[in-house]
Amino acid sequence: MRHVAVIGHPIGQSKSPALHSRWIKAHGVEADYTAIDGKDEDNFRELIRTLPEKGYAGVNVTIPFKQLAFELCDELTERAESVGAANLLIFRDGKVIGDNTDIAGFSAALSSMALDPAPRSARIIGAGGAAPAIIVALKEAGLERIEITNRTASKAIELAERFDIKPIGWAARDTKLGEIDLLINTTSLGMEGQPPLDMFVGSLPPHAAVIDIITTPRETDLLIGARERGQKTMNGLPMLVHQAVPSFEAWFGIRPDDEPVAIEFLEGLK
Ligand code: ATR
């Protein structure tokens, strides 16, 4: 019996156990996938040190430990290096190998939108933990202009410098949207229990698409408004499923290929 888990804090709301457990069952793998509260940095370090000897094949890492996980790895994939964060750890031969599947997760989710024409410009709202992988994915997709804005300007500027993209002031977040093909909310604004994202997006062009990586609620006010204007929208569930696929494959050597069904399954969960 192999164990895998997702570690974060807080972790109660994670949909990863339901998603992976469903695949474990479907593919007849002898394993279990649980959620572990990482509590704090010291506790997280201790977990990464002790879980391998307890029969863990690896873990997914989520907020707020992806950067610390990156620092603790013995080996890193290029993808993890490019983001500076690890959301997938593999415990192998006494080593901790760190990978990042958020880039591929976002890329696959974006591809599934089948945007035509392909987006050439994007504005990212928020420069927190989720932003770097999305920036790398957008660069890989060949976008010509990527802008980033964040309440705390220094964080947007830091990412803009690191990835050679354009920082925009928070007060200007809803200006000059007329040439934006893709708007992406990576903040927690709009999440259940949080205030909505206070931003007027009515001046986005009709062909623009809007992505909100929030999964609870399934449709934020931002997405409702965009959908009502006839724009293509996507919530965070496709990205979640598409980043989970390579994790499952890395641990068990089986690649789940039922993404649309898995997304629908998560859409139906509480
Ligand atoms: P995560 O790892 O979940 O991304 P995070 O790194 O704290 O968490 O990032 C949360 C994002 O939501 C940040 O962009 C944050 O802006 P700040 O960097 O200024 O904190 C943004 N955010 C959270 N609450 C916000 C609010 N009330 N107004 C504007 N932005 C907010």
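**Notebook: sheet, domains and ligand shell**

I looked up the sheet first: six strands form an open sheet of mixed pairing, in the order E2-E1-E3-E5-E6-E4. Its edge strands, each pairing on one side only, are E2 (31-37) and E4 (75-76). I took strands (E, at least two residues) and helices (H or I, at least four) as DSSP runs numbered from the N terminus; two strands pair if DSSP finds at least two bridges between them.

The model is predicted: local features need pLDDT of at least 70, side-chain atom pairs count only at pLDDT 80 or more, and totals for chains, interfaces and linings use all residues. Residues are numbered from 1 along each chain as its sequence is written.

I then followed E4, which two bridges join in parallel to E6 (residues 95-99). Glu75 stands opposite Ile97 in E6.

Next I turned to the domains. The chain is divided into domain 1 (2-99 + 241-267) and domain 2 (103-234), with bounds from an automatic or database domain assignment. I noted 14 residues of domain 1 in contact with 12 of domain 2; contact requires C-beta atoms, placed from the backbone, within 7 Å. On the side of domain 1 that touches domain 2, helices H4 (78-83) and H9 (237-252) are the elements that give two or more residues.

Last, I examined the ligand. Of the 15 residues around the ligand, Gly128, Gly129, Arg151, Thr152 and Thr187 come nearest; a residue is near a molecule if its C-beta atom, placed from the backbone, lies within 6 Å of it.

Methods
Contact = placed C-beta atoms within 7 Å.
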